[in-house]
Structure formats: structure tokens, C-alpha cells
Amino acid sequence: MMDDPNKTSETGQEHHDPELSDILMHLGEERERYFYAVSPPVIQTSNFVLPDLAAFREAFADEQEHHVYSRGNNPTVEILRKKLAALEGTEDAWVFSSGAGAVAAAVIGNISAGEHIVCQRSPYTWTNVLLRKFLSRFGVEHTFVDGTDIENIRAAIRPDTRILYLESPNSMTYECQDLTACAELAKAHGIVTIIDNSYCSPVYQNPAAFGIDIVVHSGTKYLNGHSDVVVGVLCASREMVKKIFLSEVMTLGGILGPHDAALVLRGLRTLPLRLQRSNDSAQWLIERLEQHPKVSRIFYPFHHSFPQLELAKRQMRGCGGLFSVDFKTDTQQKMEAFVGRLKRFTMAVSWGGHESLIIPTIGFYNIPGKGQPSLPWTFARFYIGLEDPAWLWEDLQQALEAL
Ligand SMILES: *Cc1c(COP(=O)(O)O)cnc(C)c1O
């Protein structure tokens, strides 16, 4: 018998739903300023009237908080920004034209030539490229470490280390880092901590509560949730967001337009519902997959076989719809046949939308001019969307016959 309707049986942790509801339905929406419209207007303008010199001076004293020009502060985007900061429990937030843009702003805003970054070993592809190829051109060094053990991170820190970059859980295999331990270690060395929190979304994990300085998201995934906008989010202290606003936001200019901001606001209204559905359906499917003779291993932070299950449960309130499977099969042809037989899963990158997806690593094999992938060809990442899980299971079962 559950007294609290918001308590999840899975983790026993609360979703703090009353607060979440207030953020998603009301926070930042000053409806009296726009005819008491329920949905906020799309303020589709590049610039704003500065009615007199006093207003002019006031606006330029703080361009981040006044309406001057939409590369800076746009009112529709501002509503989104306020909700996202509240969702992550940080003082402020900024939004970008992509998750990659948010990651780049967070990193570039806190590093200079001759300095060093420590990064968990397997970040999102383009974060990896940012460190290995882009920043190395400007004399920024980096070390990738197995972040599942804090001692590896400690050992990689140098006197010139300025950033500890985390992604917990990380892409594809969902390795976690101990956020409390990372934050403490970094603070002792004056190092800024950045985490990519896209996997959990703010509904299932709030890294700032563990002491992490900057939380970034690919809002393209769960936050927008409808596979129709590319958006990035950066949540941090007011001081940090201001610093990044006055430098990376205003100079690199990777901003979100008001129309896209309105779409993301619409997506946010259903964020907890969508996550819960994906989470429950993914777990329902995993329970069936793990019993299938052609399944060798499941990768999912809340799965009983996950090596860091205890840590994951300590840091996360839920997992969502993303998991990976290593299949048992003997030929690449059989794996290709399995993929070919799936009709209800869409083969596509990204995730967090309404539609269930598969990325089979076999697709990265045999691409001319590309090196050998690090993951085996028997491996596939699944995202479970909002469809009926039994309908998806039927499709998986018939495709599994190919293995
Ligand atoms: C998709 C993704 C990104 C990049 O975000 P975009 O919105 O595509 O630029 C960064 N990190 C993770 C974990 C992602 O899945």
C-alpha cells in the first residue's frame, strides 16, 4: 500500500511531484503580461525597443537580464531557462541551439591554453572530438580515465587541471561516476566539475545536489521529447551562467530561437509522464529479454547485473528508456538479419522522443575509411518510447528468431 501517490515502487525515492508540477505548469510564466494566455507567446523578434535613455542605460548595464537583442535575452527563451534551472536546482540556466553547443560553452568557458581536462573515458562522441581534436589545437590537454573508480580520477589530476568532465551514466554502456566523491575531490583542487546529465534528465538525477558545478543536457532527448527540436541546456550558479553568457553565449552565438523554445516548453509539460512510461516499458521489456536464450548481457543501471547498481540507485531516482543488449550469435549475417526483421523499432540516432529506436553497432562495421568500433557487432542500444510495450515485444520476439 503506497500512501504517497508520487512514490515509485522501484526506488522508494520520491519524485517531488508537487514541486515538479509547479515548475512545469507555472514557474516563469507571467501570464498577466500576455493577455492571461495559458500558453506563453512566441516573441518572434530580433531586437527590442529601448523607450528612452534611462531604459537604454539600464538595459546595457545588464544585457543578460534585460531585453535588448535576441542573441542575448528573449522572453520566450527566458521562461524555458527559468524552468530548467528550477528543475536542476541551480540558480540559473542557459539554453543553446544544441547539446553540443552547451557542452562546448561549458568546457571552453572554463579552460585556457596550457591547461588540462580530466574526462571519464567514454563521453558522447562529439564531446570526445571537442577534447581530442578541437581543444588540442589551442594547447588544451586532456586525460581520459575509467571513471568508475575515483582513484583513477585522483591519479589523473595535475597541477594544471581545471575541469573534471563527467557523464553519468555515460553513452552506450552507462558507466557511472560517484558524483559526491568527484565533487569533493575537484573542490579540494579548485577544479570545475561538469556533467552531461542527458541520460537521466533532471527528473531522475540532480547532480548539483551532489556538488557538481555545471550540469549540461542535450535537451533534444527527453526535455523536448518529440524528436523535432535540437536544443542544449546548461545549468549552474548565477555567477557561472553570467560568465558564460558574457563570453561563449554572446561571442559564439549558439542560441535557441523563440519558436524552438516554445516547442521545448510544450515538451516539458509532459516530461515526468513520458519518462515514467519509458522507464516502466524499458524495465518490462528487459525482464523478458533477459530470459531469452539469445541475450548474453543487458546494460541498464538499475538491472540486477549492473556492476554499479548500488551507486546508480544512490544517485538516480529512475533510469528511463535507454538500455543496451549484447546478443549471442555467431555470424554478422545473423545480426544483420535480426536488425532487418525489426519493423516497429526505428533505426535512428538520438533518443528521448515518442518512438522506440535501435542503434546496432554492426552498422558502424565495414564503413569505408572508418576504423574498427570499440563495441562488438553483437551489441545494440535500444530506446523505448511511448508505444505499447507488448506491441514492441512481439516485434523483438519475431526478429530474435534470426539470431
Ligand atoms: C545527443 C547527445 C549530446 C549532443 O546533443 P545535441 O543536442 O545532439 O547536440 C550530448 N550528450 C549526450 C549524452 C547525447 O546523447
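Predicted model: local features only at pLDDT ≥ 70, side-chain atom pairs only at ≥ 80, totals over all residues.
I started with charges over rings, meaning NZ of Lys or CZ of Arg within 6 Å of the ring centre and within 35 degrees of the ring normal. Arginine 288 lies over the face of tryptophan 284, 3.7 Å from the ring centre. I also noted lysine 313, whose charged end sits over the ring of phenylalanine 302 at 4.7 Å from its centre.

Residues are numbered from 1 along each chain as its sequence is written, and side-chain values use heavy atoms, with hydrogens and water left out.

Next I looked up ring pairs. Rings of Phe, Tyr and Trp (its six-membered ring) pair if their centres lie within 6.5 Å; planes under 30 degrees apart count as stacked, over 60 as edge-to-face and the rest as tilted. I got 12 aromatic pairs by this rule. Phenylalanine 134 and phenylalanine 138 are a tilted pair, because their centres are 5.5 Å apart and their planes at 40 degrees.

How buried or exposed are these two? I took buried as under 20% relative accessible area, exposed as over 50%, and partly exposed as in between (1.4 Å probe, protein chains only). Phenylalanine 134 is partly exposed at 36%, and phenylalanine 138 is partly exposed at 43%.

Then I checked tyrosine 222 and tryptophan 351: centres 5.0 Å apart, planes at 75 degrees, so edge-to-face. Tyrosine 222 is buried at 2%, and tryptophan 351 is buried at 8%.

Last entry: ring pairs link Tyr300, Phe323, Phe327, Phe338, Phe345 and Phe382 into a cluster.
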